[in-house]
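Good morning, and thank you for making time for this presentation. I would ask you to look at the sequence and the structure together as I speak.

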Amino acid sequence: MDERQLRILRELGELGSVTAVAEALLVTPSAISQQLRLLQRSMPVPLTERLGRRVVLTDAGRALADAAVEVETALARARGAVAEFVGRPDGEVSVAAFHSAGAAFFPLLLRGLAGPGAPVLALADEDVPQGDFPRLTREYDLVLAHRLDHAPPWPRTVASATLLREPLDVAMPAGHPLAAKRRLTPRDVADERWITVHEGFPVMATIEAIAAAAGRRLHLAHRINEFAVVAEAVAAGGGIALMPRWTMRPHPALVLRPLSGVQARRHIDALCRPERTARTAVRTVLAELRRAARTIRERDPEQRAEP
């Protein structure tokens, strides 16, 4: 049985005829009769009987019709609870981010949503291979994920909104010979020792593109995912590295130089299951993430025109 069938049974008990029920529910009498037959198949005793030319409820049918009132009341309460949950502006919203995005976005989120009536944030760091970000939307309302410019789009099972298209620059110690150049090419950096991420993480594709453009294999000296640790390793002379331009705090011992000849840019996207955006609180956090992205981007005056 389903809610519609129970309502038809209830209306039949109150209105007294299939025709009257059909008129009240704006359907045909045959549609009402079909639903009654479907309901009857799930019951061990007759629910209706003929009284002259009319179909009326049996005692069992009246008992079920009375129960239908309680069912409709409970469903109305449930819908009301859902509507309150969906419309509540101060509900809890869980947000996961990979490390450098968390370092850049989380403080701005916490400050921007600190007032009364704002959503309650539940923040988490999740540094996973690119293909695993969509799966995190099962556990979190919003997931900050990254992918490279030329990478395939996210699967259609998740909704995505691009927050930043962030350049990846070459980081080196301030006294490095390449620091004297304003821009670098793949050939400039091909003979350097590199500090890069583990396989499966987005930045590796740019490293491979640099090697292809230079026509030689790069020396990958160290594998470190956390950019804050990478920065310290670069400063200590461990090699050069690709570093995000906006989401990493400037390191006093490092300089960043843009790279020409390859696509060296990553998308930072907010992913979620489409149904999560029905909640007012989730939409509020997503809007705050967009504001935070503008703040992060505008810290670099030369890039304020970045979409």
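Let me begin with accessibility: buried means under 20% relative accessible area, exposed over 50%, and partly exposed in between, with a 1.4 Å probe and protein chains only. By that definition Arg135 is exposed, because its relative accessible area is 52%.

Two remarks on the source. This is a predicted model, in which local features need pLDDT of at least 70 and side-chain atom pairs count only at pLDDT 80 or more, while totals for chains, interfaces and linings use all residues. Residues are numbered from 1 along each chain as its sequence is written, and side-chain values use heavy atoms, with hydrogens and water left out.

I turn to the salt bridges. A salt bridge here is a side-chain nitrogen of Lys or Arg within 4 Å of a carboxyl oxygen of Asp or Glu. The structure contains 16 of them. Arg135 pairs with Asp132, their closest N and O atoms being 3.1 Å apart. Asp132 counts as partly exposed, because its relative accessibility is 25%.

Which residue does Arg10 meet in a salt bridge? Its partner is Glu72, at 3.2 Å from N to O. Arg10 lies in helix H1 (residues 3-15) and Glu72 in helix H4 (residues 59-87), so this pair ties together parts that are 62 residues apart in sequence. Helices (H or I, at least four residues) and strands (E, at least two) are DSSP runs, numbered from the N terminus. Arg10 counts as partly exposed, because its relative accessibility is 23%. A network of salt bridges links Arg10, Glu14 and Glu72.

Next, the pockets. On a 1 Å grid over the protein atoms alone, a pocket is an open set of points where a 1.4 Å probe fits, with protein on both sides within 12 Å along at least five of seven lines; lining residues have an atom within 4 Å of a point. Grid points are joined across faces, edges and corners, and a volume is the space filled by probe spheres set on the points.

The largest pocket has a volume of about 820 Å³. Its lining comprises 32 residues, and the closest to the centre are Asp169, Arg245, Trp246, Leu256 and Asp300. Helix H5 (99-112), helix H9 (227-235), strand S9 (241-244) and strand S10 (254-257) each give two or more residues. H5 gives the most, with 7 residues. By class, this lining has 16 nonpolar, 5 polar and 11 charged residues; Ala, Val, Leu, Ile, Met, Phe, Trp, Tyr, Cys and Pro count as nonpolar, Asp, Glu, Lys and Arg as charged, and the others, Gly among them, as polar.

The second largest pocket holds about 170 Å³ of space. Among the residues that line it are Leu9, Ser33, Arg37 and Val55. Helix H3 (29-41) and strand S1 (48-51) each supply at least two lining residues, and H3 gives the most, with 4.

Finally, a point of backbone geometry. Leu26, in the loop between helix H2 (18-25) and H3, has a positive phi of about 60° although it is not a glycine. Leu26 counts as exposed, because its relative accessibility is 76%.
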